Amino acid sequence: MKFEPSLQSATLIKRYKRFLADITFEDGSERTIHCANTGAMTGCADSGNRVWFSTSDNPKRKYPNSWELSETKAGHRICINTARANQLAVEGIEQGVIRELQGYNQLRTEVKYGSENSRIDILLEDQTRSTCYVEVKSVTLLDQQHNGQGYFPDAVTTRGQKHLRELTEMVKNGSRSILLFIVLHSGIEKVSPAHHIDANYSQLLKIATEQGVEILCYKAKISESGIELVKAVDFSYRS
């Protein structure tokens, strides 16, 4: 994924009202940009971080700039735009990076499914094998006390809990279900469920895997010119 046009950079003043952030430039001018992330963004939105933002040519947008990347004081690069995780997942499948999801002849996105009125991020289909449901999650929460340890979610997620129930139901119906974690933080090398943040999600995830839901974790390489999936990383449960 290449950023076209190129991203611009500034310094973060603050994030607020979930969807907004104020930034400042070297000349002292300030601007409000859109933040496409509904999570807590713990460790990703500290005042003084360097940020990169994209610009939309849509004249109807109130805030034409969108926050894409952060660089922490420790030097970690983070993609905070959660929509990028889905785009990277599609690219990773189409380009053969995600080896476990090869061999399907049709890929669709945002397809309605399940008994709880959900939309699956990616639906993979092939006449010779079971339909595959892929739910994509962005991982940006780094545990500062444990080297390379990342967690999901970074806030209580009833929506994420619903997705786990839906994926489990698809397995029971004879389909294949995948929970795909896309790591968008350069400091994260392994992923675990954040039991200390959302115990219900962690418990549902364990039940889901016991019922046959598969977990995949892939990490992205992040720069101001673009983002690409580069490798699989480990998933494990932690107490």
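**Notebook: salt bridges and nonpolar cores**

I began with Glu214, which is partly exposed because its relative accessible area is 29% (buried means under 20% relative accessible area, exposed over 50%, partly exposed in between, with a 1.4 Å probe and protein chains only). I note that this is a predicted model, in which local features need pLDDT of at least 70 and side-chain atom pairs count only at pLDDT 80 or more, while totals for chains, interfaces and linings use all residues. Residues are numbered from 1 along each chain as its sequence is written, and side-chain values use heavy atoms, with hydrogens and water left out.

**Salt bridges**

I looked up the partner of Glu214 and found Arg176, the two side chains meeting in a salt bridge at 2.8 Å, N to O (a side-chain nitrogen of Lys or Arg within 4 Å of a carboxyl oxygen of Asp or Glu). Arg176 lies in strand β12 and Glu214 in strand β14, so this pair ties together parts that are 38 residues apart in sequence (helices, H or I of at least four residues, and strands, E of at least two, are DSSP runs numbered from the N terminus). Arg176 is buried, with a relative accessible area of 17%.

I then searched the whole structure, which gave nine salt bridges. One of them joins Arg84 and Glu68, with the closest N and O atoms 2.8 Å apart; Arg84 belongs to helix α1 and Glu68 to strand β5 (residues 65-71), so parts 16 residues apart in sequence are tied together. I checked the accessibility of this pair and found both Arg84 and Glu68 buried.

Next I took Arg108, which forms a salt bridge with Glu125, the closest N and O atoms being 3.2 Å apart. Arg108 counts as partly exposed at 35% relative accessibility, whereas Glu125 is buried at 18%.

**Nonpolar cores**

I turned to the largest nonpolar core, which has 29 residues, with Leu101, Val134, Leu180 and Ile182 having the most contacts inside it (a core is a set of buried Ala, Val, Leu, Ile, Met, Phe, Trp, Tyr and Cys residues joined through side-chain atoms within 4.5 Å). Among the elements that give two or more residues to this core are α1 (83-94), β12 (176-183) and β14 (214-223), and the largest share, five residues, comes from α1.

I listed the contacts of Ile182 (heavy atoms within 4.5 Å), leaving out residues up to four places away in sequence, and they include Ala85, Leu88, Ala89, Val136, Tyr218 and Leu229. Apart from this core I found another, of 23 residues, among them Tyr113, Leu142, Leu167 and Ile188.
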